[in-house]
Amino acid sequence: MASSTVRPEDQDRAAEQDVARRLLDSSAKLSYDPATEVDWDTPLDTDHHGASPEWSTLYGTAYWRELTEGQRKSLTRQEAASVASTGIWFEMILQQMVLRDMYAKDPTDPRFQWALTEVADECRHSIMFARGAAKLGAPAYRPRRPVVELGRAFKTLAFGEAAYAAILVAEEVLDVMQRDWMRDERVAPFVRTINNIHVVEESRHMKFARDETRKRLRDAGPVRRHLNALVVAIASYYIVTSMVNRDVYANAGLDAARARAEAKTNEHHKSLMRSSCSGLMEFLASARLLTRPALFFYKRADLI
């Protein structure tokens, strides 16, 4: 009697589908509608911060010590709005990469259905961030034009592990800071709600991105691995360095030139970024994506 064997690739596919089903179940049980969950109607209380002050780019500097409490709160509101705007920019890149990856694939596959669920989440998040930034009294912050064009090229050309690992870097950095903000009673309540929604729903996206990165790298040769490690690192550098727009200081009523100079050399903020990314760097190391050229860009972005 012939014995039947299950091919390793079939086992891998079954495991991936099982992960996607669990993510779909989790999404069905625990998702939010920002239109109703966030208090959009109560006017902004300027007695609150927009983010935990310890996450401000000026926290710990001589200039920070000179600011009044009102100026500090105004600054963190502008910085939080800038982070939200950068989040919208990258989430639009993310959506296009995921849709392109799933184009013409089997719609009955749970992975396909999860990918569309993730895109739907990101659409809601982008609208939520846009409304949040407007309520914080901020303008439309955008990355510098060269970075916007680099993003345009990245979302068009990046594929496989490069796309999913870059998604992971952006979401991991946001996740760590937002976990602090959502628990901080000094932060405006509606901002805390926004952060909580994003943290809960992005935890599923990050799980999928980690799994996809590992899967795509399973059979990658050294040339492909090194090339994509560099692409991910460069993308990460521009994402992270675009989070706080240079115009936030002037819009908060500060001396913009002095603020930018002190923020650039702020060791507290650099240390905070490095410590918050330790788990992310461990993952990238385990995926063998921390090559020497990649490390150059992560160090420049103060992620390691």
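Guide: Arg258 lies over the face of Tyr63, with 4.4 Å to the ring centre. This is a predicted model, in which local features need pLDDT of at least 70 and side-chain atom pairs pLDDT 80 or more, while totals for chains, interfaces and linings use all residues. Residues are numbered from 1 along each chain as its sequence is written, and side-chain values use heavy atoms, leaving out hydrogens and water.

Visitor: What makes Arg258 count as lying over the face of Tyr63?

Guide: A charge sits over a ring if NZ of Lys or CZ of Arg is within 6 Å of the ring centre and within 35 degrees of the ring normal. The 4.4 Å between Arg258 and the ring centre of Tyr63 is within the distance limit. Lys135 gives another example, its charged end sitting over the ring of Phe190 at 4.6 Å from the centre.

Visitor: Let's turn to rings paired with rings. Why is the pair of Trp89 and Phe90 called edge-to-face?

Guide: Rings of Phe, Tyr and Trp (its six-membered ring) pair if their centres lie within 6.5 Å; planes under 30 degrees apart count as stacked, over 60 as edge-to-face and the rest as tilted. The centres of Trp89 and Phe90 are 6.5 Å apart and their planes stand at 65 degrees, so the pair is edge-to-face. Both Trp89 and Phe90 are buried. The structure holds seven aromatic pairs.

Visitor: Why is Tyr237 called buried, and why is Tyr238 called partly exposed?

Guide: Buried means under 20% relative accessible area, exposed over 50%, and partly exposed in between (1.4 Å probe, protein chains only). Tyr237 has 13%, so it is buried. Tyr238 has 26%, so it is partly exposed.

Visitor: What makes helix 9 roughly parallel to helix 14?

Guide: Helix 9 (residues 222-241) and helix 14 (residues 292-300) pack at an angle of about 10 degrees, and their axes are 8 Å apart. Angles under 35 degrees count as roughly parallel, over 145 as roughly antiparallel, 65 to 115 as roughly perpendicular and the rest as oblique, so helix 9 is roughly parallel to helix 14. The axes are lines fitted to C-alpha atoms, for helices over the stretch in contact, with angles running from 0 to 180 degrees between N-to-C directions. Helices (H or I, at least four residues) and strands (E, at least two) are DSSP runs, numbered from the N terminus.

Visitor: Which residues of helix 9 and helix 14 meet?

Guide: From helix 9, Ala229, Leu230, Val232, Ala233, Ile234, Ser236 and Tyr237 meet Pro293, Ala294, Phe297, Tyr298 and Arg300 of helix 14. The residues of this contact divide into ten nonpolar, one polar and one charged. Here Ala, Val, Leu, Ile, Met, Phe, Trp, Tyr, Cys and Pro count as nonpolar, Asp, Glu, Lys and Arg as charged, and the others, Gly among them, as polar.

Visitor: Lys299 is in helix 14 too. Is Lys299 buried or exposed, and how do you know?

Guide: Lys299 has a relative accessible area of 51%, so it is exposed.

Visitor: Why does Glu201 count as buried?

Guide: Glu201 is in helix 8 (residues 189-217), and its relative accessibility is 0%, so it counts as buried. Leaving aside neighbours within four places in sequence, Glu201 is in contact (heavy atoms within 4.5 Å) with Ser31, Tyr32, Asp121, Arg124 and His125.

Visitor: What makes Thr57 buried?

Guide: Thr57 is in the loop between helix 2 (34-37) and helix 3 (62-66), and its relative accessible area is 8%, so it is buried. Beyond its neighbours within four places in sequence, Thr57 is in contact with Glu79, Val244, Tyr249, Ala263, Asn266 and His269. Thr57 and Glu79 are 22 residues apart along the chain, with 8.3 Å between their C-alpha atoms.

Visitor: Why is Ala104 called exposed?

Guide: Ala104, in the loop between helix 4 (69-102) and helix 5, has 72% relative accessibility, so it counts as exposed. The phi of Ala104 is near 65 degrees, a positive value in a residue other than glycine.
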